[in-house]
Amino acid sequence: VAFYDALTFLAMARITSHYKWGVEVSSSISVLEKFIQGGNPNLENKVYLLKAEAKSLLDEKEDALAMYEMAIAAANNNAFIHEHAIASERLADFLFQNGDPRASHFYGEAHRLYLQWGALGKCEQLCKNLPI
């Protein structure tokens, strides 16, 4: 639940720019980190992705990029194809918003992973809505 709460809080922070949503994101990340410390490494990629999104929101580009890359690596190491795809897509969006030509590579990677996962509807949506 903390992961989805944090995603909601991040969306609200983007829409409203209100400080309280950032506090809520940090709180949700702390909850997830406690589970990781308790021996649940399956949440690692989610925490990295949330941190990447938070850093992106704060315009801390280098830190955001590092967190996206860590989210991708953790999802890949745990064979979480769908979460690898999501992290790749979010990194692609981040790179595109910052004018980085590597965005196309990560959109392609996300598409490949969504196909591998069997998410054909997501593949179609991604292709229809590619900003590049």
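Some ground rules before we start. The model is predicted, so local features need pLDDT of at least 70, side-chain atom pairs count only at pLDDT 80 or more, and totals for chains, interfaces and linings use all residues. Residues are numbered from 1 along each chain as its sequence is written, and side-chain values use heavy atoms, with hydrogens and water left out.

Let's begin with helix α5. It covers residues 81-97. Helices here are DSSP runs of H or I, at least four residues, numbered from the N terminus. How far apart should the ends of α5 be? At 1.5 Å a residue, its 17 residues should span 24 Å. The expected span is 1.5 Å times one less than the number of residues. The end C-alpha atoms of α5 are 24 Å apart, so the two agree.

Which residues of α5 are buried? They are E83, H84, A85, A87, S88, E89, L91, A92, D93, F94 and L95. Buried means under 20% relative accessible area, exposed means over 50%, and partly exposed lies in between, with a 1.4 Å probe and protein chains only. The cover over these buried residues includes α3, α4 (61-77), α6 (103-117) and α7 (120-129). Just after α5 comes G99, with a positive phi of about 70°.

Next, helix pairs. Two packed helices are described by the angle between their axes and the distance between the axes. Axes are lines fitted to C-alpha atoms, for helices over the stretch in contact, and angles run from 0 to 180 degrees between N-to-C directions.

Take α3 and α5. Helix α3 is residues 44-57. It packs on α5 at an angle of about 15°, and the axes are 11 Å apart. The two helices are therefore roughly parallel. Under 35 degrees counts as roughly parallel, over 145 as roughly antiparallel, 65 to 115 as roughly perpendicular, and the rest as oblique. The crossing of α3 past α5 is left-handed. That means the near helix is turned anticlockwise from the far one by less than a right angle; clockwise would be right-handed.

Who makes the contact? From α3 come N45, K46, L49, E53 and S56. From α5 come E83, I86, A87, R90 and F94. Contact means heavy atoms within 4.5 Å. By class, the α3 and α5 contact has 4 nonpolar, 2 polar and 4 charged residues. Nonpolar covers Ala, Val, Leu, Ile, Met, Phe, Trp, Tyr, Cys and Pro; charged covers Asp, Glu, Lys and Arg; the others, Gly among them, are polar.

Now α3 with α4. Their axes come within 8 Å and cross at roughly 160°. That makes α3 roughly antiparallel to α4. This crossing is left-handed too. On the α3 side, the contact includes Y48, L49 and A52. On the α4 side, it includes M67, Y68 and A71. The count for the α3 and α4 contact is 10 nonpolar, 2 polar and 5 charged.

On to single residues. Which residue sits in the loop between α1 (2-16) and α2 (19-37)? It is S17. Its phi is near 60°, a positive value in a residue other than glycine. S17 counts as exposed, because its relative accessibility is 63%.

A79 also has a positive phi, of about 60°, although it is not a glycine. It is in the loop between α4 and α5. At 61% relative accessibility, A79 counts as exposed.

F80 lies in that loop between α4 and α5 as well. Is F80 buried or exposed? F80 is buried, at 19%. Beyond residues up to four places away in sequence, F80 touches N42, N45 and A75. F80 and W117 are 37 residues apart in sequence, yet their C-alpha atoms are 9.4 Å apart.

Two more. R14 is in helix α1. At 36% relative accessibility, R14 counts as partly exposed. Leaving aside neighbours within four places, R14 is in contact with E53, S56, L57 and R90.

V25 lies in helix α2. At 3%, V25 counts as buried. V25 touches A6, F9, L10 and A54, not counting residues up to four places away in sequence. V25 and A13 are 12 residues apart in sequence and 9.1 Å apart in space, C-alpha to C-alpha.
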